[in-house]
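User: Can you walk me through this one? I'd like to start with the ligand site.

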Amino acid sequence: MSDIDRDQYLIKEEPYYRSVHNEVEMYQAAYDARMPVMLKGPTGCGKSRFVEYMAWKLQKPLITVACNEDMTASDLVGRFLLDINGTKWQDGPLTVAARIGAICYLDEVVEARQDTTVVIHPLTDHRRELPLEKKGELLKAHADFQIVISYNPGYQSLMKDLKQSTKQRFGGMDFDYPATDVETEIVTHEGGVDKETAEKLVQIAQRSRNLKGHGLDEGMSTRLLVYAAQLVAKGIDTQSACQMALVTPLTDDPDMRDTLSAAVNTYF
Ligand SMILES: Nc1ncnc2c1ncn2[C@@H]1O[C@H](COP(=O)(O)OP(=O)(O)O)[C@@H](O)[C@H]1O
Ligand SMILES: [Mg+2]
């Protein structure tokens, strides 16, 4: 148990995180109550960065799991592995987090099947325990352990959603792309461009975000704006940078690409 190196999961340097609202205080209070937290918002709007920042601020280890539909309960909890000496139990990431008192971040949790997601239930109520049935151990979570999940409501469908019995174990926090001035600040900082360039990139993104549901599944994320800015900072001309970072990844539809390129041309 104590042979797990807790320090490897600590975030050593302060991650850059520009707070948008009162989310730092809200999360801090939720963590103090060891309340499970659900972060909702579109891709690339700062959810993962926020969790990294909070883990650093709270000085707690962070274990992130990228969820997918092939993931099984054993992938989270652990399994017996065969080696030359016979079988050996190996903890999964959720179990490691519960043992060492980490923040366990289940990224894009709706991607996981519902029969996988239910393994977190006993950890997310007053029990705070994890039955390792195959191993015959009932693990009591470390006092510092907390679960955080993220999901993108845009991809929600009847087939892919959390059960109410899962949802209602979490406090929820809405995330979205920040206001113009804040997003400009983030793009300036992360992308290494001047304020004017950053602001134009943000304005292009805002146009694309208005096309969500009108030919686009999602608008340009803050992450893509940072990519565009990083290319510009490397000396790439703004047109090519926007094409590579903002237009090409977003859609294959030629008409929609023309529309997005026209938005780029308006500003650069
Ligand atoms: N509030 C913020 N403060 C600092 N950086 C941010 C913020 N929001 C977004 N970013 C930038 O956007 C990128 C993508 O954010 P990320 O947290 O990975 O998105 P998500 O997890 O929501 O998909 C980050 O790497 C960071 O550069
Ligand atoms: Mg993320």
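Analyst: A residue counts as near a molecule if its C-beta atom, placed from the backbone, lies within 6 Å of it. The model is predicted: local features need pLDDT of at least 70, side-chain atom pairs count only at pLDDT 80 or more, and totals for chains, interfaces and linings use all residues. Residues are numbered from 1 along each chain as its sequence is written, with chains lettered from A and ligands numbered from 1 in the order in which they are written.

User: Which of the 17 residues around ligand 1 come nearest?

Analyst: Gly 46, Lys 47, Ser 48, Arg 49 and Arg 223. Helix 2 (47-58), helix 7 (180-191) and helix 9 (222-233) each give two or more residues to that shell; helices are DSSP runs of H or I, at least four residues, and strands are runs of E, at least two, numbered from the N terminus.

User: Where does ligand 1 lie relative to the domains?

Analyst: Ligand 1 lies between domain 1 (6-174) and domain 2 (180-267), because both give residues to its shell. The bounds come from an automatic or database domain assignment.

User: How many Å separate the domain centres?

Analyst: 31 Å, taken over C-alpha atoms. The contact (C-beta atoms, placed from the backbone, within 7 Å) takes 9 residues from domain 1 and 11 residues from domain 2.

User: New topic: what is the strand order in the open sheet?

Analyst: The order is 2-5-8-1-9, with parallel pairing; two strands pair if DSSP finds at least two bridges between them. Strand 2 (62-66) and strand 9 (171-174) each have a single partner strand, so one side of each is left without a neighbour in the sheet.

Definitions and conventions:
Contact = placed C-beta atoms within 7 Å.
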